[in-house]
Amino acid sequence: MLDRIAVQQTRIRVPGLGLDHKGVALGQRGVVLFASIERLVSFLSIYTRERSLADLMGGLELYTVRSKLGHSEILLSFLAESSDRMDRMAETARLAGGYTFTGTSRHFVQYRDAFAPFGYDTSNLLPADADWVLYHNHFTQAYGTEKSIDLKSLLLRLEPRVDPSTYETAGPLLIVAEPGVGGALIHYLVRSKVDAEVCVGEWPPESAFDEGPIRRTIFRIPDLPKRMRKLFFSTPGMSCFFPSTAFASVEAGFRHPVELRACPSFNEGHVFFRGKRDPLVLAKMPAMGKVDAFSRVSFRDGTMEATALPKADPEVVRVPLRLAPSGKPWRSVTATWIAPGDYDSLRKLAYALPPRVIRETQIAVTASGLVLRSTAGIEAIPLGTFYIEIHPSLFIPAGYEVVPSVSPEVLFRAIGAPRDIHVFVAHDSTAVGIEEAHFSPLETFLVEAKPLSQLSSEGLERTLSVEPIDLSFESVEVPLLHEADAAEELP
Amino acid sequence: MKAELSTLPKAAPREVSTAQAHVFEHVALPLVLGGHLEVGRPLGSKRIGAFEKAFRSPDQDRWGKFQLARQHVLRTLVPLDTIPEPSEREWVLLGALHDLCYASYPGLSSVFRSSRAPRILRVVQTIIDGAGYPTTVREAIETHTLFARVLEIGRPDTTVRWWTGSRIFRGTQPPQRLLAMPELRGVRVDRVQTKIDEIAEGSIRDPFFRALSGLVRASPITNLATFARTWPSFEWDPWLVGLFGVSEGRRIALRAVAASSTTSLFQILLPSAARVSESHKNHVLALLGERLVQEFLETEKIPSELRPLSRELSLSVRVAYPEVSNASPFGRKLELLLRSIEEHGPK
């Protein structure tokens, strides 16, 4: 039976056990006893869901212990450090079905619980030379160490559980392609323009019948398009893995019982945890290269010779200017050329033009037509051939572009026109120049000044004026008495 | 005996066209444009009955002005841009007006001609009765464009006084010889415009007014527009009552009386409408209510002459606008008008 440590008790009989600043009995190490390896895995699974094992890794030891009766159990030993850590471990161990003890070398007494908030003590120490003597409220047992358990090996031996939800995991994807599949996958990724890195990993032969190491192609795809996921997950010969850490990945559709991110056991190489098969372990991850570098390369037939021209003055290369149809959207349509046949239409349209358009448009008269210009755009006058302003003094028909595609400034200089000349390049590539001074405002040009004629306002005035109605008998005719007048005869 | 228009005897075409031309020049044109309405030889039922719709004056300028002035009147009532030529009925009425004015000629009332004017007036009455009422509102409006100013006809009477006497010239100009040497002879000329309701005297006064009243009623819109006349007094006839029965007719009626004051509408039109029937009175009330509200919206006050009629005023507003929400600006204006009527009405 254990004794509960009382408040402000200072003397403890278990060797190696002391009191921390809270008065809790604490030794240098903590020990958790599990009845089976499954309970240990449960403990690790529960613990790593919320906390990392990195804090414990410094003194973490796992043993298989055997009692005198031959009963094997699992023992997890770690550095106690503080009662807080011990409390956390005790909570998780309680959930996983383990017993928590604390002590220093050989004797470990039950850690505090709700019944004994400050821990336990015992005066009945067992005089055994076993490696571990555990004092519990319900039992006292001595264990001998059978063997130690490597955590990494344990993790490697654990089989991932099926979890289809992992298929939806976003993020980078690692693909291990079996021999024969890798090459095709490389070209598929190149053709599909999927960004990926690739390397080739070697594994030792699985049996004596294998001729050499097994080479598998490893791909790292940062962002696999969704449309390809189903294909990749279901193609035989390709195993897809989602990285848990930089050194460990789990196959898609599976989940490792222990949260690998919380286990710093893997810190080099890479481990691919496969669902239904043994994990693939790479001691060292090969250097990866862009998948584009592995695309097919082909050479032209024949040889190429670069022959230098003999040294001489280069001949001037003259290129005739041409206008080619262009599919680009029209921009800066600021001029139009109206042929003489459209003058009537322009006259009729002039009556409908808004004041702003008339104000902003300039016109020049040439022998072959009228040229209208407006910096705000000439679309309001939908007549004639539209011209695009590619240079402040250079206009080409809308829907065309100049070939060769020299810059407008260069083209204008090549034409050699003075700055105050506006050049219009026609469809036949001929250029026509119109001086700036020949453009005048449309509003002064538009209205035809007719000679004034005196208006006759007499009729209008007489119609609308209200004159009195005067009954006049000036013209009255009175028939003579003897004249039978129809006016006096009733019908 | 009432004779239909179509049964009136026809005269010879040549004298008919001459007569119609005379009517156009001397009756229709001054009636529409103003000026001298010259009466000539009496036309009679035969000639008037033969007047044709197709008549057009050969003087295009004068014809154009005539139609333009009619168009001007038309546009005050309805938004139409064209007016047809006068109809056959309108020509007959114009002819009847000519003979009516002729019957008022003072020279007819002599010892030997005392029966001429009454006989002419009987013929005129027959012609007017035969013309009947317009068949459509459009026709009534077009007739109104001709006769809108019929009651403005006046006879200029000139009284010349000289040192030995005086003489009155009714509808004629005094001869120059009477006006000669005005300082020496002490000539004094007084000109008076005698209204149409005063030009008939003596025994022809009653038949003259009966005929004039018939002529005005033959143009119902003119009858309504001149309701405030003193003589012939305004009377509701079935045509006008029918016009008020439809909302479009009330619209036209509202425009026809636009020149009249709101006071005269309430003081003359409403009491006479009450004597016709209750429903007609409500129609007239609705019209007057609209008019009152229009005026109130412009002037924001009620004519002081109408204040004693507060009951009729508030009733007319409620009849004209039975369902107007107080939440709208117009509704609030109506509320203000009704409160103003009650505040300033008789206590």
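Here is a tour that begins with a whole chain and then goes to single side chains. Keep in mind that you are looking at a predicted model.

**Stop 1: chain A as a whole.** The chain has 491 residues, and 41% of them count as buried. Now think about contacts between residues at least 6 apart in sequence: in chain A, 67% of these join residues at least 24 apart. Switch to a surface view, and chain A exposes about 28500 Å², with carbon and sulfur atoms supplying 53% of that.

**Stop 2: a ring pair in chain A.** Next, pick out aromatic rings. Over all chains, there are 26 aromatic pairs. Select A:Phe241 and A:Phe272: their ring centres are 5.1 Å apart and their planes meet at 65 degrees, so this pair is edge-to-face, since the angle is over 60. Where do A:Phe241 and A:Phe272 sit in the chain? A:Phe241 is in strand 16 (residues 238-245) and A:Phe272 in strand 19 (residues 270-273), 31 residues apart. A:Phe241 counts as buried, because its relative accessibility is 0%. A:Phe272 is buried too, also at 0%.

**Stop 3: another edge-to-face pair.** Now go to A:Trp337 and A:Phe424. Their ring centres lie 5.8 Å apart and the planes are at 75 degrees, so they are edge-to-face. A:Trp337 belongs to strand 23 (residues 333-338) and A:Phe424 to strand 29 (residues 421-425), so the pair ties together parts of chain A that are 87 residues apart in sequence. Are these two buried or exposed? Both A:Trp337 and A:Phe424 are buried.

**Stop 4: charges over rings.** Stay in chain A and select A:Arg4 with A:Phe115. A:Arg4 lies over the face of that ring, 4.3 Å from its centre. Then try A:Arg373 with A:Phe439: here the charged end of the arginine sits over the ring, 4.5 Å from the centre.

**Stop 5: over to chain B.** Select B:Phe24, B:Phe55, B:Trp63, B:Phe66 and B:Trp91 together, and you have one aromatic cluster. Zoom in on B:Leu184, found in helix 8 (residues 182-185) of chain B. B:Leu184 has a relative accessible area of 58%, so it counts as exposed.

Terms used: Residues are numbered from 1 along each chain as its sequence is written. Chains are lettered from A and ligands numbered from 1 in the order in which they are written. This is a predicted model: local features need pLDDT of at least 70, side-chain atom pairs count only at pLDDT 80 or more; totals for chains, interfaces and linings use all residues. Side-chain values use heavy atoms; hydrogens and water are left out. Helices (H or I, at least four residues) and strands (E, at least two) are DSSP runs, numbered from the N terminus. Buried means under 20% relative accessible area, exposed over 50%, partly exposed in between (1.4 Å probe, protein chains only). Rings of Phe, Tyr and Trp (its six-membered ring) pair if their centres lie within 6.5 Å; planes under 30 degrees apart count as stacked, over 60 as edge-to-face and the rest as tilted. A charge sits over a ring if NZ of Lys or CZ of Arg is within 6 Å of the ring centre and within 35 degrees of the ring normal. Contact means heavy atoms within 4.5 Å. Accessible areas come from the Shrake-Rupley method with a 1.4 Å probe; for residues, only the protein chains shown count as cover.
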